[in-house]
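Please view the sequence and the model below before reading on.

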Amino acid sequence: MLIRSFPLLAAALLIFTASAHAAADKPKAREFLFTYQSTITGLSADQTARIWIPVPPSNDEQTVTETERSIPGAVEVAEDPKYHNRIFSTSAKADSKGAIALSIVFRVLRQEVLASNAPATQPSEADGIYLLANMRVPVGGKALRLIENKNLPREPLQRARVLYDVVADHMTYRKDKPGYGNGDSDWACDSGFGNCTDFHSLFISLARSQQIPAKFEMGFPLPPERGQGIIPGYHCWSKFKAQGHDWIPVDISEASKHPDLREYYFGNLTEDRIMFSTGRDLILVPKQTAAPLNFFIYPYVEVESKPLPSDKIKNTFRYQDLPSPTSEHTTAR
């Protein structure tokens, strides 16, 4: 593999010119209520189920306050030791119809993430877990075929940009064929299509193969238009860490759907989202009986020590924007 060195200044330009107006402006913000509702079905009356629910964290990108909670049973609050995901868990009995309903409302102030505002950091030992393979995300694997004979820059930031473009050029966002949505990077390499999990698993495999720590974040998207409505499903993105930089986000599936924002989504994230969890192959707290979770965004349920099929869990997610002096009500970037 040929290696070519470029000046650090050029590397910085590749990322920090991602969106000229975004880099120059203050980050946008959006404040909203997010309602997370699920009904567990298909049980016998009074049958007990163990339930785990992801809880969105507060961090530099979002401030989350729980405003309402309706979860049956004694709720335990925990944090997994590997990725530090917050988790609610409970054991609850089904009602006379064999159902268990739960609902949580969060108030969220979400910030736009701009790479130009990220502080400089040094690598840490904690980053090491983001260089290791996951069950469906090998380090390299078939993804290495996509960078054969490519001139990869020596500088990690530039190299990550090449990998971002490789994935964006190889993948097409589509969900009209079976197989998508498992976040299997070998499958994504072979198929050339998929959803956000497939795009970002492929990027993570490539990044880790180049000794660039990369991680997977899972949450929900909001439409850019302010208002209220139903959110049909999850969204995910990735972050990588280059020498001298903090975690830098990429949203390659959104770049695929919106080619005019391809530069923006290398290093920046819109405020139109909420993050719930990090990582793959997740071991919950308290530990589940079955295998580690591929990822964690919907409630996970075990009945008699076996996972409840996902079609028995009916989810509804809603958002309602709040007027706020910190929010810029705009639909354009």
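## The largest pocket

The largest pocket has a volume of about 780 Å³. A pocket here is an open set of points on a 1 Å grid over the protein atoms alone, where a 1.4 Å probe fits, with protein on both sides within 12 Å along at least five of seven lines; lining residues have an atom within 4 Å of a point. The volume is the space filled by probe spheres set on the points, which are joined across faces, edges and corners.

Its lining comprises 31 residues, and Asn 59, Glu 61, Lys 215, Glu 217 and Lys 239 lie nearest the centre.

## Basis of the model

This is a predicted model, in which local features need pLDDT of at least 70 and side-chain atom pairs count only at pLDDT 80 or more, while totals for chains, interfaces and linings use all residues. Residues are numbered from 1 along each chain as its sequence is written, and side-chain values use heavy atoms, with hydrogens and water left out.

## Aromatic pairs

Across the whole structure, 23 aromatic pairs are found. Rings of Phe, Tyr and Trp (its six-membered ring) pair if their centres lie within 6.5 Å; planes under 30 degrees apart count as stacked, over 60 as edge-to-face and the rest as tilted. The ring centres of Tyr 130 and Trp 247 are 5.3 Å apart with planes at 85°, so this pair is edge-to-face.

Tyr 130 is buried (under 20% relative accessible area; exposed is over 50%, partly exposed in between, with a 1.4 Å probe and protein chains only), at 9%. Trp 247 is also buried, at 16% relative accessibility.
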